[in-house]
Amino acid sequence: MVATPDTASTTGADRASGGVQSVERAFQLLEALADSGGVATLSELSSSSGLPMPTIHRLVRTLVQQGYVRQDTARRYTLGPRLIRLGETAGRLLGSWARPYLAELMEATGETANLAVLEGGEVVYVGQVQSRRSMRMFTEVGRRVQPHCTGVGKALLAQLPEDEARAILGPNPLPAHTEYTVTDPQELMDQLAEARERGYVVDDQEQEIGVRCIALAVPGAPTPTALSVSGPEARIRALEEQAGASSLVPVMHQIATRLGQVLAP
């Protein structure tokens with residue numbers, strides 16, 4: 001077969017990177033589509049991905065045929081339903097990989113340990129190990145919640161560029177779940193800046209009265225991921241007041257770092 005310019009360049013890139021360029025570009029397109037909110041035109045995909053239009057046409061046509069992308073009536077392209085099964089399976093596996101680390105955190109603190117990711121502007125809980133205490137926190141794995149009123153949600157937003165976090169929050173007042181929920185987007189952005197500096201974030205009865213949560217980022221994870229400990233307010237405050245290397249935040253950072261090394265691509 002005589003190599004076309006496109007084939008020749010792809011083959012050269014394959015040899016250099018050890019990968020298949022067309023596959024890399026297909027995933028690049030899917031990620032660009034996800035970053036745009038799941039809906040985009042071909043020209044918008046070309047602009048955001050930097051790929052030439054003929055390449056995008058060819059890849060999108062294949063993705064549509066396979067069900068990973070679909071075209072709507074306005075000739076825009078959206079993430080396809082076939083991705084749902086992949087995402088759900090990946091989420092379950094993420095929870096399984098993280099379970100030993102969540103169990104270690106629960107044993108170290110005595111409180112419920114959680115793992116969450118950011119998906120479509122929402123927090124999705126993908127793992128949990130419950131406290132053995134009779135009064136404990138429980139969040140169903142797979143549950144989706146708003147990010148502004150949860151510890152893991154704020155820890156996830158703090159990992160994003162400021163403009164992305166602002167876009168998720170929007171300009172309008174945020175819904176209040178309790179009297180302590182932060183509803184002013186700018187006040188929440190200030191909290192995120194503080195969280196980046198000190199390395200963790202607090203949910204002080206902002207989702208549910210009587211519940212306090214300490215959360216922080218899992219460094220090195222392929223997508224924004226957060227780890228948290230949650231429980232009755234008085235018990236979590238007592239953990240925060242402990243000093244030394246065995247205190248709450250250092251222990252959480254140490255476990256999150258090891259978990260991030262396992263999850264890193």
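What follows goes through the sheet strand by strand and then turns to the charged pairs.

Reply: The model is a predicted one. Its open sheet has six strands in the order S6-S5-S4-S9-S8-S7, with antiparallel pairing. Strand S6 (144–145) and strand S7 (201–204) are the edge strands; each has a single partner strand, so one side of each lacks a neighbour in the sheet.

Strand S9 spans residues 225–232, and eight of its eight residues are buried, so the rest of the structure largely encloses this strand. On one side, S9 runs antiparallel to strand S4 (residues 112–119), and six bridges join the two. Within that pairing, Val117 is opposite Thr225 of S9. S9 also runs antiparallel to strand S8 (residues 211–217), here with seven bridges. Val211 has Pro232 in S9 as its bridge partner.

S4 also pairs with strand S5 (residues 122–129), again in the antiparallel sense and over seven bridges. In this pairing, Glu119 has Glu122 in S5 as its bridge partner.

Now the charged pairs. Side chains of opposite charge can pair when their charged atoms come close. The count of salt bridges in the model is 14. One of them joins the side chains of Arg133 and Glu111, at 3.8 Å from N to O. Arg133 is in the loop between S5 and S6, and Glu111 is in the loop between helix H5 (82–109) and S4, so this pair ties together parts 22 residues apart in sequence. Glu111 is buried, at 1% relative accessible area, whereas Arg133 is partly exposed, at 38%.

Asp204 belongs to strand S7 and Arg237 to helix H9 (residues 233–241), so that the pair links distant parts of the chain, 33 residues apart. Both residues are partly exposed: Asp204 has a relative accessible area of 23%, and Arg237 has 32%. These two also belong to a network of salt bridges that links Asp204, Arg212, Glu233, Arg237 and Glu240.

Glu162 is partly exposed, at 44% relative accessible area, and so is Arg166, at 35%.

Conventions:
Residues are numbered from 1 along each chain as its sequence is written. This is a predicted model: local features need pLDDT of at least 70, side-chain atom pairs count only at pLDDT 80 or more; totals for chains, interfaces and linings use all residues. Side-chain values use heavy atoms; hydrogens and water are left out. Buried means under 20% relative accessible area, exposed over 50%, partly exposed in between (1.4 Å probe, protein chains only). Helices (H or I, at least four residues) and strands (E, at least two) are DSSP runs, numbered from the N terminus. Two strands pair if DSSP finds at least two bridges between them. A salt bridge is a side-chain nitrogen of Lys or Arg within 4 Å of a carboxyl oxygen of Asp or Glu.
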